[in-house]
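Subject: Structure handover

Hello,

Please find the structure below. My notes on what was found in it follow.

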Amino acid sequence: SFTPTCPTSQLQITSSSPRGTGTTGLQMGIFDDLKLIFSEEGKKNKAEYERLEREEQEAAQREIMERRRNPDKMAEYEQDVSSRRKN
């Protein structure tokens, strides 16, 4: 069976740059994600996502309410639903 020679907790990436060679620690884990989520940029992205999601839901709700108030639109909707169910 395969046995790694280096534990993943000690894994490092070596890269060469114009200044010479350097070693950086591999960063990939839940703490890196948490730093991104709770950073100012992450908070702005989350707020924007929530705003857009709320706008979509409000538009869908307005459409439903308009359809319920208008008998012609409700009849059209029921016809569409009926035809989808048959197919």
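**Fold and findings**

Along the sequence, the protein runs in the pattern β-β-α-α-α. That is three helices and two strands, where helices (H or I, at least four residues) and strands (E, at least two) are DSSP runs numbered from the N terminus. This is a predicted model, in which local features need pLDDT of at least 70 and side-chain atom pairs count only at pLDDT 80 or more, while totals for chains, interfaces and linings use all residues. Residues are numbered from 1 along each chain as its sequence is written, and side-chain values use heavy atoms, with hydrogens and water left out.

Of the 87 residues in the protein, 3% are buried (under 20% relative accessible area; exposed is over 50% and partly exposed is in between, with a 1.4 Å probe and protein chains only).

**Helix α1 against helix α2**

The axes of helix α1 (residues 30–38) and α2 come within 4 Å and cross at roughly 65°. Axes here are lines fitted to C-alpha atoms, for helices over the stretch in contact, and angles run from 0 to 180 degrees between N-to-C directions. The two helices are therefore roughly perpendicular to each other (65 to 115 degrees; under 35 is roughly parallel, over 145 roughly antiparallel and the rest oblique). On the α1 side the contact (heavy atoms within 4.5 Å) is made by L36, I37 and F38, and on the α2 side by E40, G42 and K43. By class, this contact has three nonpolar, one polar and two charged residues. Ala, Val, Leu, Ile, Met, Phe, Trp, Tyr, Cys and Pro count as nonpolar, Asp, Glu, Lys and Arg as charged, and the others, Gly among them, as polar.

**Helix α2 against helix α3**

Helix α2 (residues 40–69) and helix α3 (residues 71–86) have axes that come within 5 Å and cross at roughly 105°. That makes α2 roughly perpendicular to α3. E66, R67 and R69 of α2 meet P71, K73, M74 and Y77 of α3 in this contact. Its residues divide into three nonpolar, no polar and four charged.

**R67 and M74**

R67 is in helix α2 and counts as buried, because its relative accessibility is 16%. Leaving aside neighbours within four places in sequence, R67 is in contact with K73, M74 and Y77. R67 also lies over the face of Y77, at 3.9 Å from the ring centre (NZ of Lys or CZ of Arg within 6 Å of the ring centre and within 35 degrees of the ring normal).

M74 is in helix α3 and, at 27% relative accessibility, counts as partly exposed. M74 and I64 are ten residues apart in sequence, and their C-alpha atoms are 9.3 Å apart in space.

Regards
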